[in-house]
Amino acid sequence: MTEVARASGVEIEAALRVWQRANTARGKTPTEPRIARVREKLADPEALIMVARKENAVVAMALAEPGWEAADLCHLSMLFVDPDRWGTGIGRQLLDAVVEAAALQGRPRVQVWTGSANHRAKNLYLSAGFAPTGEVKRLAEGEEILHLVR
């Protein structure tokens with residue numbers, strides 16, 4: 001059985017490892033500066049950090065932050081599932097928990113940016129009721145990202 005809850009302080013490093021493994025599996029091995037930046041974001045006291053646990057091990061992580069554009073908006077910065085668990089429904093379970101927790105914090109609207117070519121992530125967000133806004137950006141390294149809101 002998978003349990004989803006807010007991350008405890010000791011689970012932050014496990015969440016970071018899930019993020020690293022998932023990115024590496026996608027061919028985007030994180031650099032040391034990027035790892036340091038993510039560790040900093042995970043330490044932010046305003047961050048909403050959720051994890052999915054299976055057999056007492058962290059198998060998925062999500063990081064949500066207050067939205068900059070509006071007080072009722074939550075920005076989902078990260079949602080990553082350990083590659084050994086891809087396709088098991090854990091990502092959807094975690095996403096639903098983040099949306100619920102954000103609403104309880106007074107942020108019923110949730111936004112996310114995801115890669116246009118990241119079909120797994122796009123399908124997850126669309127199946128969870130997120131809708132494209134039509135806003136598209138290109139990252140410095142050339143990747144196109146899409147804005148979705150629920």
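This is a predicted model: local features need pLDDT of at least 70, side-chain atom pairs count only at pLDDT 80 or more; totals for chains, interfaces and linings use all residues.
Trainee: Which strand has the highest confidence in the chain?

Mentor: Good place to start! The chain averages a pLDDT of 94, and 100% of the residues score at least 70. Confidence is lowest in S1, with a mean of 94. The highest value, 97, belongs to strand S7.

Trainee: Which strands stand at the edges of the sheet?

Mentor: Follow the order of this open sheet of 7 strands: S1-S2-S3-S4-S5-S7-S6, with mixed pairing. A strand at an edge has a single partner strand, so one side of it is left without a neighbour in the sheet.

Trainee: What is the bridge partner of Cys 74 in S5?

Mentor: Strands of a sheet pair through backbone hydrogen bonds, either parallel or antiparallel. Here S4 (residues 73–81) and S5 (residues 109–115) pair in the parallel sense over 4 bridges. Within S5, the partner of Cys 74 is Val 110.

Trainee: What angle does the direction of helix H3 make with that of S2?

Mentor: Helix H3 covers residues 90–104 and packs on the sheet. It touches S1, S2, S3, S4 and S5. Its direction and that of S2 make an angle of about 145 degrees.

Trainee: Which element gives the largest share of the lining of the largest pocket?

Mentor: That pocket holds about 1,100 Å³ of space, and 39 residues line it. They divide into 18 nonpolar, 10 polar and 11 charged. H1, H2, S4, H3, S5 and H4 each supply at least two lining residues. The largest share, 7 residues, comes from S4.

Note on methods:
Residues are numbered from 1 along each chain as its sequence is written. Side-chain values use heavy atoms; hydrogens and water are left out. Two strands pair if DSSP finds at least two bridges between them. Contact means heavy atoms within 4.5 Å. Axes are lines fitted to C-alpha atoms, for helices over the stretch in contact, and angles run from 0 to 180 degrees between N-to-C directions. pLDDT is the predictor's confidence in each residue, from 0 to 100. On a 1 Å grid over the protein atoms alone, a cavity is a set of points where a 1.4 Å probe fits but cannot get out, and a pocket is an open set with protein on both sides within 12 Å along at least five of seven lines; lining residues have an atom within 4 Å of a point. Grid points are joined across faces, edges and corners, and a volume is the space filled by probe spheres set on the points. Ala, Val, Leu, Ile, Met, Phe, Trp, Tyr, Cys and Pro count as nonpolar, Asp, Glu, Lys and Arg as charged, and the others, Gly among them, as polar.
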